Every structure is written in structure tokens, then in C-alpha cells.
Amino acid sequence: MSTNNKEIFKNTPVDHEIHELIKNRWSPRTFSDKPVSHKELQVLFEAGRWAPSSNNIQPWNIVWGIKGSVAYDRIMSVLVEFNQNWAKNAPVLLLGVVDTKTPKGDDNYHAPHDLGQFAANMAIQAQSMGIAMHQMAGLDYEKARKEFKFPDTYHVATAIAVGYYGGELSDVPEKLQDAETGERSRKQQNDFVFNGDYRETGDVKE
Ligand SMILES: Cc1cc2nc3c(=O)[nH]c(=O)nc-3n(C[C@H](O)[C@H](O)[C@H](O)COP(=O)(O)O)c2cc1C
């Protein structure tokens with residue numbers, strides 16, 4: 001097998017045909033050398049900005065850093081080692097941070113949900129531009145919150161590696177190379193879609 005990872009379109013065995021931007025998106029651990037500009041990042045953040053959120057609170061906050069900058073190195077420093085080992089391939093690193101309180105001071109249980117919608121909007125916009133995103137939960141949340149001076153009530157929920165699809169398989173440790181080329185998989189809809197009580201899948205007549 002060639003070690004060139006640039007042409008990879010992952011096999012995505014959908015059960016129902018879906019939009020190609022959703023179908024072809026995946027989370028690589030290698031990236032092209034092609035830089036992602038600040039302007040392109042602003043386009044991605046704009047896509048996120050127009051995501052829906054509970055009461056339009058928009059609890060999301062983003063920290064961004066482009067490779068070679070102090071901000072990038074600071075984001076890298078809060079990732080767990082496993083993620084550092086491949087995220088170094090990405091030309092951009094982000095942190096997704098939520099305010100866990102509403103403007104009235106109540107708990108905002110929907111904040112992580114809303115950040116997820118922000119990230120999903122970004123990911124689909126990125127896909128339309130040939131840019132990949134790889135989200136990460138593997139980071140030290142508290143260290144990140146303190147590092148970037150967010151208040152105590154904020155939660156650093158995710159880091160995100162961003163870059164053009166590409167790079168070489170040899171850019172990742174050998175044990176991660178299969179994941180770069182393997183088929184994507186998902187649970188069956190019957191496992192999580194219910195037409196009534198939990199586990200009640202219904203008997204849908206076409
Ligand atoms: C919130 C979240 C946290 C994740 N955390 C990590 C992580 O710490 N490290 C990693 O390598 N991948 C991480 N992933 C990537 C998932 O493993 C990946 O999205 C999943 O396997 C599905 O693959 P796909 O995105 O290519 O379809 C995370 C994804 C999400 C959405």
C-alpha cells in the first residue's frame with residue numbers, strides 16, 4: 001500500500017443516501033501541508049455562529065491558534081499525549097469552551113449540546129472547503145480553562161484539529177495508520193431510534 005494519504009475518501013456504508021458533505025466528512029489524523037488562513041477560519045466560525053442554541057444564548061467560545069504561533073503551542077500543551085502525537089500534523093488547533101451558566105446565572109444544561117451544533121455547522125462548512133476537522137475530548141479541561149483565563153463556570157469541552165485533508169500515513173504512529181484507511185462504522189438506527197418507549201422501534205409501514 002502506498003503511504004500517500006492524500007486521496008483518501010473513506011468508505012461510508014450509509015443505509016439511506018445522504019448529502020455528500022455529511023457522508024464524506026471524517027476525522028483524519030493526518031493533514032496536508034497547505035495552510036488554513038485566518039480568513040478561512042473566520043468563515044468556519046461564521047458557520048458556527050449561525051448554529052441554533054437554547055434561548056439563543058450562544059454559550060460557545062473558541063480559542064484558535066495557527067501552527068508556529070504561541071496560541072497554537074498553548075493549545076497543544078493542554079492536549080493529552082495521545083492526541084499531541086497526531087494533532088501536531090494539523091495547521092490549526094482550536095478549543096471549544098462553553099459558559100455553563102445562563103445570563104441569569106442558572107445552570108445551562110444545553111451548553112455542550114449547543115457547542116456541538118456550532119462544531120457540526122463548522123465541520124460541514126469546512127467539508128465544503130476541503131477542510132477536515134478532528135474533535136478531541138482528550139485534553140486537561142481544568143488546565144485549559146486556567147491557561148486561557150476563562151472564569152470558573154466555563155468548561156473547556158473540546159479541542160479541534162483543523163486542516164486540509166491530506167498528508168502521509170507515515171505522519172501518524174503505526175498503530176493509528178489502520179484507522180486512517182479503514183471503513184467508517186456506526187450503530188444501526190434500531191439501536192437508538194425509538195417510536196415510543198426505549199427499545200420500542202415501531203413497525204413502520206412504507
Ligand atoms: C466530542 C468528541 C471527542 C473526541 N475525542 C477524540 C480524542 O480525544 N482523540 C481522537 O483521536 N479522536 C477523538 N474524537 C474523534 C472520534 O473518535 C470520531 O469522530 C469517531 O470515531 C467517528 O469517526 P468519524 O468522525 O471519522 O466519522 C472525538 C470526537 C468527538 C465528536
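Predicted model: local features only at pLDDT ≥ 70, side-chain atom pairs only at ≥ 80, totals over all residues.
Which residues come nearest to the ligand? Okay, that's where I'd like to start today.

The ligand has 15 residues around it, and the nearest are Ser27, Arg29, His134, Ala137 and Arg184. Three of those names come back when we go through the polar pairs. Take Ser27: an N or O atom in its side chain sits 2.4 Å from an oxygen atom of the ligand. Then there's Arg184, where a side-chain N or O atom is 2.8 Å from a ligand oxygen.

How much of the ligand does the protein bury? On its own the ligand exposes 620 Å², and 63% of that is buried by the protein. If you're wondering which elements give two or more residues to that shell, they're helix H4, at 81-87, and strand S3, at 131-136.

Okay, moving on to pockets. The largest pocket holds about 390 Å³ of space. Its lining has 15 residues, and nearest the centre are Pro13, Val14, Asp15, Arg186 and Lys187. That lining divides into 5 nonpolar, 5 polar and 5 charged.

Last bit, annotation. UniProt, in an unreviewed entry, lists "domain: Nitroreductase" for residues 22-64 and 81-164. In our model, residues 22-64 are 33% helix and 12% strand, with the end C-alpha atoms 24 Å apart. For residues 81-164, it's 38% helix and 30% strand, and the end C-alpha atoms lie 23 Å apart.

Technical notes:
Residues numbered from 1 in each chain as written. Heavy atoms only, no water. Near = heavy atom within 4 Å. Polar contact = N/O pair within 3.5 Å; in protein donor to acceptor, adjacent residues only side chain to side chain. Areas by Shrake-Rupley, 256 points an atom, 1.4 Å probe, with all protein chains shown as cover. Helix = DSSP H or I, 4+ residues; strand = E, 2+ residues; numbered from the N terminus. 1 Å grid on protein atoms, 1.4 Å probe; cavity = no way out; pocket = protein on both sides within 12 Å on 5 of 7 lines; lining within 4 Å. Points joined across faces, edges and corners; volume = space filled by probe spheres on them. Nonpolar A, V, L, I, M, F, W, Y, C, P; charged D, E, K, R; others polar. UniProt positions renumbered as here; feature names shortened; annotations may be inferred.
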